[in-house]
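Dear colleague,

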Amino acid sequence: MPHPASEAQVEDGGSASKPQRIIKLGKTTEDGDKKGTNKRVKDIELCIPIVYGTIAFYLGRKASESQSHKWTVYVRGATNEDLGAVIKHVVFQLHPSFNNPTRVVESPPFELSECGWGEFEIGISLFFHSDVCDKKLDLFHFLKLYPEDESGPQSTKKPVVMESYNEIVFPDPSECFFARVQNHPAVLVPRLPSGFTLPAPAPVENMNGKGRGDTKDHPLNHWFMNFSEADELLKLASARQQVQAHIVKLRRELSVIDGMPQPLKPASSYECT
């Protein structure tokens with residue numbers, strides 16, 4: 001089921017204050033768990049903040065009837081970090097009038113650029129690595145070409161920017177996934193109980209030999225929206241992860257106590273036989 005998120009518009013960069021959107025994905029199939037090849041870290045959640053959106057530039061004198069704007073649609077890390085450790089590929093579904101409207105981007109940065117004249121809804125499907133999740137995540141984003149304020153001629157220098165902020169949550173992640181992202185800046189990872197060990201992280205196919213996948217030096221970076229609440233949201237999410245880790249510790253302590261022999265209850269002097 002698609003998870004639409006509210007969007008914010010800004011015509012020349014700037015900042016946006018946005019409500020938190022959390023998308024919790026269900027667990028993957030347990031076939032790997034049963035075979036012992038993909039053990040899971042129980043009662044733990046990994047959180048990946050993402051931003052998806054579009055940036056559209058008016059072509060001005062270069063505009064034609066069929067191509068008035070050049071635009072880019074993308075999925076990026078909320079702090080412009082590489083998402084390749086989590087996302088395997090992204091499918092962008094464009095309007096049927098485009099040649100090859102189903103576009104697959106196999107490696108980060110997950111984006112594509114096109115030219116056109118009309119506004120429409122773009123389907124964005126995120127596919128994850130096999131040890132992350134076997135379910136895709138469908139998002140929808142409306143391509144905005146024209147600013148809300150049309151009192152004057154549209155500028156060729158200031159684009160129309162539309163972005164949405166979401167947090168994708170993975171409950172009970174696999175040990176392989178957890179090990180790969182435990183020090184990754186794009187992923188919010190809870191602190192594990194002392195003594196807990198993870199296997200050595202295994203590389204994934206689209207992280208090696210394809211250059212940088214982050215968007216920190218992206219040519220459109222200065223137009224990306226600055227979510228004024230993002231830092232606070234990340235802090236809250238991190239605090240939530242720490243509380244969750246403490247709950248895991250308490251549950252394990254309780255399970256040890258439950259497994260210990262219980263003392264016999266003394267008989268009451270008023271008990272009848």
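Strands in this account are DSSP runs of type E with at least two residues, numbered from the N terminus. In those terms, Thr79 belongs to the loop between β5 and β6. Please note that the model is a predicted one.

Asn80 is buried, because its relative accessibility is 14% and the cut-off is under 20%.

Backbone geometry

Most residues other than glycine have a negative phi, and most peptide bonds are trans. Asn80, which is not a glycine, has a positive phi of about 65°. Asp172 is likewise not a glycine and has a positive phi of about 50°. Asp172 sits in the loop that runs between β11 (160-171) and α2 (175-181), and with a relative accessibility of 8% it counts as buried. Finally, the peptide bond between Pro108 and Pro109 is cis, with omega at about 0°. Pro109 is part of the loop between β7 (102-105) and β8.

The four-stranded sheet

Four strands form an open sheet in the order β7-β6-β9-β10, and their pairing is antiparallel. The edges are β7 and β10 (137-142); each has a single partner strand, so one side of each has no neighbour in the sheet. From one strand to the next, the twist averages 20°. Within this sheet, β6 and β9 (residues 121-128) run antiparallel and are joined by six bridges. Val90 has Leu126 in β9 as its bridge partner.

The largest pocket

The volume of the largest pocket is about 240 Å³. Its lining comprises 15 residues, of which Ser97, Phe98, Cys115, Gly116 and Trp117 are the closest to the centre. Which strand supplies the largest share of the lining? That strand is β8 (residues 110-116), which contributes three residues. By residue class, the lining divides into seven polar, five nonpolar and three charged residues.

Yours sincerely

Notes: Residues are numbered from 1 along each chain as its sequence is written. This is a predicted model: local features need pLDDT of at least 70, side-chain atom pairs count only at pLDDT 80 or more; totals for chains, interfaces and linings use all residues. Side-chain values use heavy atoms; hydrogens and water are left out. On a 1 Å grid over the protein atoms alone, a cavity is a set of points where a 1.4 Å probe fits but cannot get out, and a pocket is an open set with protein on both sides within 12 Å along at least five of seven lines; lining residues have an atom within 4 Å of a point. Grid points are joined across faces, edges and corners, and a volume is the space filled by probe spheres set on the points. Ala, Val, Leu, Ile, Met, Phe, Trp, Tyr, Cys and Pro count as nonpolar, Asp, Glu, Lys and Arg as charged, and the others, Gly among them, as polar. Buried means under 20% relative accessible area, exposed over 50%, partly exposed in between (1.4 Å probe, protein chains only). Two strands pair if DSSP finds at least two bridges between them. Axes are lines fitted to C-alpha atoms, for helices over the stretch in contact, and angles run from 0 to 180 degrees between N-to-C directions.
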